[in-house]
Amino acid sequence: MLKENSNFVRVAALSDVAEGKPRAVRVEGHSIALFQHEGAIYATDNQCPHMGYPLVRGRVRKGVLSCDWHGWSYDMQGGGCFTGGCDDLATFPVEVRNGDIYIDVASGGKKRDDAHFLLLKEGLLTTDNWTLSKAIAIMLAKGVSEEETLELMVKHMGRHISTDRNAFEGGRKLAMMMNGVKVARMYQPEDRLIPFMMAADGASGRLGDRPDRQPLPPPVDWQKLEDWIRVFSTDKEWEGIEKCLITARQLGGHDEKIIPLFFQCAVEPFFLNHSRNLIDLAHLAELLAQFGWELTGELVCSLGAKILGQGRGRPGELHREAIQKLEEIDHIFDELPQETSTESSVDYDEDKFSAALVSGDLDEVFDAVTEMLTAGVPINTLATTMVMTAGDRMARTPVSMSPGWWDLQEEMEIASTVRKVLQYAGTKVAAKALYHAAWRFFNNRWLNIRHQPITELRASATPKVLDEDMALSEILDAIESVRIQEIGRRTREYLNAGCSAERLMTEMGVCILKDDNGDDLLSSIRIVSEEWKTCESHPARNQLIVGLARWATDIRRNAGNDSAVQTAHRFARGETATELYE
């Protein structure tokens with residue numbers, strides 16, 4: 001190419017671009033579309049801003065360029081998009097000199113500096129995964145900080161949930177948001193797009209026109225508000241709770257009391273059959289800790305109120321019996337010492353406690369928790385046993401009938417959440433949360449999983465010697481090919497051979513989320529990763545990874561198609577469909 005003393009670069013002869021016969025040229029590694037239309041020459045990005053289809057395959061009418069794939073249309077000269085809200089087309093200045101076409105790449109390009117933010121807002125409103133993926137991919141490629149991207153998502157989610165979601169739906173979307181963020185940060189930057197897209201999907205949804213909620217007029221103080229919140233939680237009046245929370249925030253000086261109060265209310269006996277409450281409130285506490293009151297205040301007050309004031313059906317016979325048992329032992333919680341250590345100084349028969357959890361006998365389940373607490377076994381130790389019991393059951397559940405994957409995930413999730421309750425609300429509240437976790441195990445008594453001691457090492461005396469790369473490849477292939485009958489064995493052999501568990505979890509997580517169809521497993525990917533590290537010395541911790549591998553394989557949709565996220569990755573690098581046609 002010949003260069004003049006300017007930014008203009010010769011790209012083609014005028015005779016090479018006939019009317020109605022556009023041509024693609026490469027300039028500085030980028031595909032540029034050249035058009036002759038009504039006597040003028042135009043130069044645009046050859047990649048359609050929507051999904052990357054080459055625009056030289058489109059059609060031109062009266063200065064409007066339309067993509068042949070989805071019909072998106074653009075002003076050929078200015079690049080304005082007629083179809084999308086912010087997907088303007090990059091156009092470039094053109095000069096014709098002595099029968100040659102020159103374009104100025106440096107002076108052309110995108111028309112909006114904030115297009116990526118506008119695109120993300122559009123995706124959050126439309127809940128379209130392709131738009132979300134594309135926006136986040138472009139933002140990551142442009143070097144926009146993750147925090148800035150997440151703050152926009154959090155702010156949108158707060159208004160969406162407060163105006164358009166109840167406790168269950170809002171909690172589900174919050175979980176997707178928080179688990180997506182946590183999982184994304186487990187991976188290298190190039191592998192973060194899919195979990196970030198899932199987090200954005202959790203934050204997305206339409207915004208309502210709900211007017212701002214005003215605080216109560218004086219005189220009110222914190223003690224009155226706390227008492228009223230407890231009353232409204234008992235009476236299932238979430239709007240009263242929200243009003244009290246907004247008033248407490250306006251009073252000032254009480255923000256740090258709100259999350260502990262949430263957990264205090266959520267462990268009341270009448271919430272025994274609502275274990276998701278603790279899980280969702282833990283996500284809310286994490287969100288607040290990460291982003292602060294200014295960004296999350298509306299969401300914390302609204303969703304927290306909806307969770308604590310939600311409707312509750314009439315309890316069945318066993319449910320009533322469990323509530324009564326909790327009321328009868330309420331006095332023990334005031335007598336528990338504040339937990340300051342995770343080490344147990346008392347004799348603890350872990351297998352006995354684990355067996356009691358899955359005994360299917362309500363008295364045995366609750367009595368075992370009471371016995372361990374009053375004996376001084378640390379709450380974190382009991383939570384570990386619960387997590388390991390759930391993980392072991394997930395690793396061994398039969399798959400010929402209904403394996404109960406979601407029920408087993410909730411066993412593990414509520415057990416892991418007990419640690420967060422301890423962190424945010426203290427010993428007394430966390431001790432009560434143990435019974436809510438134990439009730440989840442009792443409710444899963446229908447699962448056909450025979451108890452097995454969890455303190456026994458699962459490694460064979462003479463483990464196989466494996467090539468780690470080959471063994472890992474075989475595990476991932478078994479997941480993608482949905483070979484459920486062999487995935488557990490292969491995963492155990494890999495771990496027993498001393499191969500890297502961290503590498504396996506990373507590669508397996510990326511494999512599970514590929515094709516955008518692993519959102520159901522986001523929480524398990526996160527919990528297994530966190531608990532595997534927390535329970536470093538436990539002999540059964542490998543069962544967590546085995547269980548995740550089996551579940552991921554059994555529920556996988558073997559679609560075999562490319563995902564929106566993978567396309568967005570290439571789109572952000574300018575490597576989309578244009579590469580296939582040139």
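A polar contact is a pair of N or O atoms within 3.5 Å; within protein, one atom must be able to donate a hydrogen and the other to accept it, and residues adjacent in sequence count only if both atoms are side-chain atoms. The model described here is predicted, so local features need pLDDT of at least 70 and side-chain atom pairs count only at pLDDT 80 or more, while totals for chains, interfaces and linings use all residues. Residues are numbered from 1 along each chain as its sequence is written, and side-chain values use heavy atoms, with hydrogens and water left out.

**Around S73**

The side chains of S73 and S66 are joined by a polar contact of 2.8 Å. S73 belongs to strand β7 (residues 73-75); strands are DSSP runs of E with at least two residues, helices are runs of H or I with at least four, and both are numbered from the N terminus. S73 counts as buried because its relative accessibility is 12%, where buried means under 20% relative accessible area, exposed over 50%, and partly exposed in between (1.4 Å probe, protein chains only).

**Aromatic rings**

Rings of Phe, Tyr and Trp (its six-membered ring) pair if their centres lie within 6.5 Å; planes under 30 degrees apart count as stacked, over 60 as edge-to-face and the rest as tilted. By this rule there are nine aromatic pairs. Two of the pairs are listed here.

| Pair | Centre to centre | Angle between planes | Type |
|---|---|---|---|
| F366 and Y435 | 5.4 Å | 85° | edge-to-face |
| W439 and F442 | 5.3 Å | 35° | tilted |

F366 lies in helix α12 (residues 362-375) and Y435 in helix α15 (residues 427-443), so their pair ties together parts that are 69 residues apart in sequence. F366 is buried at 2% relative accessible area, and Y435 is buried at 0% relative accessibility. Together with F333, these residues form one aromatic cluster. W439 and F442 are three residues apart in helix α15, so about one helical turn separates them. Both W439 and F442 are buried.

Two strands pair if DSSP finds at least two bridges between them. Four strands form an open sheet in the order β2-β3-β4-β8, with antiparallel pairing. The edges are β2 (23-27) and β8 (91-92), each with a single partner strand, so one side of each is left without a neighbour in the sheet. Five bridges join β2 to the antiparallel strand β3 (residues 30-37). The bridge partner of R23 in β3 is L34.
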